[in-house]
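Please read it alongside the sequence and the coordinates.

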Amino acid sequence: MTEAIALAHDIGHTPFGHVGERTLDDILSGKIDIIKNIKDSSFLTLQQHFKHNYQALRVLSYLENKYTAYDGINLTYLTLEGAWKHTKIAKEGRLICQLADFFMYPQSDFLFPEFTHSISLEGQVVAIADEIAQRSHDIDDAFKSGKINHKTFLKFSNARYIPSITKIDNAIQKQFSEDKDAGYLFIDENDMYRAQLCSKIIDYFVKDVCGNFKNENPDTFFTDVTIENKVYKIIAKKVIDFSDEGKKVNNILETMVTKFVIGSSEVSRFDTTAKDIITELFRYYYHNPLTLEKNTLQKFFKAMENHLENHYFAYKYGNIQFLRNELEKIVHTDLSENFDEVIMKKRKLLCQCIADHISGMTDTFALNEYRRIKGVYDI
């Protein structure tokens, strides 16, 4: 189950990573003005949100269509719950997205949305492993890009007094000194330091989490919950986590990357370009829905069949001109002047399908698609 959760956890990620995710969220919530009437307070049901862990639920419980008996790929609720909760599901005490927009299986209670941590040990293992891997990858990328070197890394760490980091550095330097005395010829000492540092950071965090877990009392792990008159035992608290010192080290490393890498002009330019690409793709598909791939349109028709009884047959069997006219109504009807609840629901479903299509792209595919629709071949 741990492996299944790990394999599934990032399946909802967008092209260009978190900037793609934030851009889709801004479009669906109305911060970026593309969707008709979405800023009108009378049509709040049009407003949606997007986050990759929620999208993972949508992919696994709905979008992947391999069997006729059910949507999704029929994973257990515990696997789905662990994949969903590998990162934050709530903000300020409220779920970040409407769970019903992303989770299509009947029993959302079995995801235990009242608990922000996974209620299985397997899910908690994946969540902390994801955090550890991210810290290591961030530091690795920072060194490779030249934004951080040995000097700046150690200076930043020492200024915030992190003896654990200093200890790691001392161990690496001691080994290097011994290797040099033994006649080892370094091809690239900085690159060797980077590799050793990332490896030892992972080692530090794994030992920290394991050591912290040993202090937990198993008798306090479980609590009983009742769903449909049945009692289930779940892990009632987050028991697989960093120690207080580990949390401090994690926060400092994250702050370091934010300061030297994420805040850099190069990353800002990349993020701006990525945001423009996602925005223009969505705008193009929204105003030209027939340019969507056949499978995406089929999913749109299927969504209408599922959510709007007796309002999908014309799409499935009608002629092309009728289809164009109907799509024109869905996209451009001003609901503030001529309210139509069916049109509003169809518009929301269309926007969900466009977000599904874009979020399923790789960086390269999104860039090439942008070039194709814009006639631009060098950006």
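What follows goes from the overall dimensions to one helix, the nonpolar cores and a few individual residues.

This is a predicted model, in which local features need pLDDT of at least 70 and side-chain atom pairs count only at pLDDT 80 or more, while totals for chains, interfaces and linings use all residues. Residues are numbered from 1 along each chain as its sequence is written, and side-chain values use heavy atoms, with hydrogens and water left out.

**Overall picture**

The protein chain has 15 helices and four strands, taken as DSSP runs numbered from the N terminus (H or I of at least four residues for helices, E of at least two for strands). Its C-alpha trace spans about 80 × 60 × 40 Å along the principal axes. Of the 379 residues, 44% count as buried, where buried means under 20% relative accessible area, exposed over 50%, and partly exposed in between (1.4 Å probe, protein chains only). The accessible surface comes to about 20,400 Å², and 50% of this belongs to carbon and sulfur atoms; the areas come from the Shrake-Rupley method with a 1.4 Å probe, and for residues only the protein chains shown count as cover.

Among the contacts with a separation of 6 or more, 72% are accounted for by residues 24 or more positions apart, a contact being heavy atoms within 4.5 Å. The chain carries 47 positive and 54 negative side chains, and the centres of the two sets lie 2 Å apart; Lys and Arg count as positive and Asp and Glu as negative, without His and the chain ends, and each charge is placed at NZ of Lys, CZ of Arg, CG of Asp or CD of Glu.

**Helix 10 and the cores**

Helix 10 covers residues 265-287, and its 23 residues should span 33 Å at 1.5 Å a residue, which agrees with the 33 Å between its end C-alpha atoms; the expected span is 1.5 Å times one less than the number of residues. Its buried residues include Ile277, Ile278, Leu281, Phe282 and Tyr285, and what covers the buried residues of helix 10 includes helix 2 (17-29), helix 13 (320-332), helix 14 (341-359) and helix 15 (363-374). Glu280 is also found in helix 10, where it is in contact with Tyr370, Ile373 and Lys374, leaving aside neighbours within four places in sequence.

The largest nonpolar core has 47 residues, of which Ile35, Leu281, Phe282, Tyr286, Phe300, Ile354 and Ile358 touch the most other members; such a core is a set of buried Ala, Val, Leu, Ile, Met, Phe, Trp, Tyr and Cys residues joined through side-chain atoms within 4.5 Å. Helix 14 gives the most to this core, with nine residues. Apart from it lies another core, of 32 residues, among them Ala142, Phe153, Ile162 and Val261. Within the largest core, Ile354 touches Phe282, Tyr285, Tyr286 and Leu292, not counting residues up to four places away in sequence.

**Individual residues**

Ile201 lies in helix 8 (residues 189-214) and is buried at 2% relative accessibility; leaving aside neighbours within four places in sequence, Ile201 is in contact with Ile139 and Leu253. Two C-alpha separations are set out below.

| Residue pair | Separation in sequence | C-alpha distance |
|---|---|---|
| Ile201 and Thr79 | 122 residues | 28 Å |
| Glu280 and Lys214 | 66 residues | 51 Å |

Most residues other than glycine have a negative phi. Asn37, however, has a positive phi of about 70°; Asn37 sits in the loop between helix 2 and helix 3 and is buried, with a relative accessible area of 12%. Glu92 also has a positive phi, near 55°, and is placed in the loop between strand 1 (90-91) and strand 2 (94-95), where Glu92 counts as exposed at 78% relative accessibility.
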